[in-house]
Amino acid sequence: MTDPSQWSVGTPGVTGAPPTTTTRPMTIDSVVQKTAITIGAVIVAAMATWILTPEVTSDTDTADLAPLFAAVTIGSLGAFALSMVNSFKRNINPALVIGFALLEGVALGAISKVFNVAYDGVVTGAVVGTFGAFAGTLAAYKVLNIKVGDKFRRGVIAAMFGMVGISVMALVLGLFGVDLGIYGNGGLGVLFTLAGLVLGIFMLILDFDFVEQGIANRLPEAESWRAAFAMTVSLVWIYTNLLRLLAIFGDN
């Protein structure tokens with residue numbers, strides 16, 4: 001069995017888990033409960049954002065989309081900031097995890113509303129696909145008895161940082177009129193989105209490994225919140241890439 005201090009999960013910057021203690025240990029039930037709470041917070045915030053923001057149609061002017069753009073900006077930046085805090089914080093804070101989930105839900109609700117107008121049915125497809133990916137990855141992890149090695153773990157985390165960095169660079173260059181094409185509907189956009197989707201699956205594998213090893217080594221129950229945070233990040237990552245991919249296919 002590897003040293004628990006060397007583990008990591010599928011989230012940016014999480015390079016280790018706290019040592020075991022004499023407190024109540026993590027269990028599969030505690031992980032399921034915390035994950036359900038966190039995912040539930042994302043869904044509630046997304047639904048609230050969808051309902052409370054102005055209705056949009058294909059004829060809606062760009063100026064009328066300002067509330068949705070504001071929700072995306074505030075939610076995304078806030079969720080990113082809290083994801084960094086949660087990833088690098090040694091002692092996980094449930095309030096910060098829930099705060100991340102709520103802000104992520106605000107951003108996803110606004111993005112999904114815009115995509116739903118432009119590509120009818122794409123949101124439903126992305127939601128179904130995301131939970132299908134979760135179930136399929138979990139089944140493969142258990143049936144194939146997948147083992148996570150240190151090289152795989154480091155590679156996934158490095159790839160995740162790389163994709164985030166490229167995305168930020170593309171957004172910054174876009175402000176100056178430079179289009180890298182990774183958010184377009186062309187070949188590069190498809191490849192970048194597919195790569196993000198595969199990476200999301202790998203992130204889930206790291207999450208499942210963290211839970212399995214954490215339970216086996218009796219990590220404290222508070223670490224269930226770290227597992228819930230990690231799986232929420234992975235599922236959101238998969239959902240957004242599926243949304244983009246279905247939109248691209250729907251546009252062609």
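Colleague: Start me off with Phe100 and Phe229. Buried or exposed?
Modeller: Phe100 is buried, and Phe229 is buried too. Buried means under 20% relative accessible area, exposed means over 50%, and partly exposed is in between (1.4 Å probe, protein chains only).

Colleague: Before we go on, what kind of model is this?
Modeller: This is a predicted model: local features need pLDDT of at least 70, side-chain atom pairs count only at pLDDT 80 or more, and totals for chains, interfaces and linings use all residues. Residues are numbered from 1 along each chain as its sequence is written, and side-chain values use heavy atoms, with hydrogens and water left out.

Colleague: Okay. How many aromatic pairs does the structure hold?
Modeller: It holds 6 aromatic pairs. Rings of Phe, Tyr and Trp (its six-membered ring) pair if their centres lie within 6.5 Å. Planes under 30 degrees apart count as stacked, over 60 as edge-to-face, and the rest as tilted.

Colleague: Why is the pair of Phe100 and Phe229 edge-to-face?
Modeller: Their ring planes stand at 75 degrees, so the pair is edge-to-face. The ring centres are 5.1 Å apart.

Colleague: And where in the chain do those two sit?
Modeller: Phe100 is in helix α3 (residues 94–118) and Phe229 is in helix α7 (residues 223–251). The pair links distant parts of the chain, 129 residues apart. Helices here are DSSP runs (H or I, at least four residues), numbered from the N terminus.

Colleague: What about the rings of Phe115 and Tyr119?
Modeller: Their centres are 6.1 Å apart and their planes are at 35 degrees, so that pair is tilted. Phe115 counts as buried at 18% relative accessibility. Tyr119 counts as partly exposed at 22%.

Colleague: Which residues form one aromatic cluster?
Modeller: Phe134, Tyr141 and Phe208 do.

Colleague: New topic. Which residues of the largest nonpolar core touch the most other members?
Modeller: Leu199, Met203, Met231 and Leu243, out of 52 residues in that core. A nonpolar core is a set of buried Ala, Val, Leu, Ile, Met, Phe, Trp, Tyr and Cys residues joined through side-chain atoms within 4.5 Å.

Colleague: Which elements give two or more residues to this core?
Modeller: They are α1 (28–52), α2 (66–88), α3, α4 (122–143), α5 (150–174), α6 (187–216) and α7. The most comes from α7, with 15 residues. There is another core apart from this one, of 5 residues, among them Val56, Leu68, Ala71 and Ala110.

Colleague: Back to Met231. What does Met231 touch?
Modeller: Val31, Thr35, Phe134, Leu204, Asp207, Phe208 and Val211, not counting residues up to four places away in sequence. Contact means heavy atoms within 4.5 Å.

Colleague: And what is Glu221 in contact with?
Modeller: Arg24, Pro25, Met26, Ser30 and Lys34, leaving aside neighbours within four places in sequence. Glu221 is in the loop between α6 and α7. Glu221 is buried, with a relative accessible area of 19%.

Colleague: Switching to Phe176. Where does Phe176 lie?
Modeller: In the loop between α5 and α6. Phe176 counts as exposed, at 68% relative accessibility.

Colleague: Now salt bridges. How many in the whole structure?
Modeller: A search finds 7. A salt bridge is a side-chain nitrogen of Lys or Arg within 4 Å of a carboxyl oxygen of Asp or Glu.

Colleague: Which residues are linked in a network of them?
Modeller: Asp150, Arg153, Arg154 and Asp209. Asp150 bridges to Arg153, with the closest N and O atoms 3.6 Å apart. Asp150 also meets Arg154, at 2.9 Å from N to O.

Colleague: How far apart are Arg154 and Asp150 in helix α5?
Modeller: They are 4 residues apart in helix α5, so about one helical turn separates them. Arg154 counts as exposed at 58% relative accessibility, while Asp150 counts as partly exposed at 35%.

Colleague: And how do Arg153 and Asp209 meet?
Modeller: Their side chains meet in a salt bridge of 3.3 Å, N to O. This pair links distant parts of the chain: Arg153 is in helix α5 and Asp209 in helix α6, 56 residues apart. Both Arg153 and Asp209 are buried.
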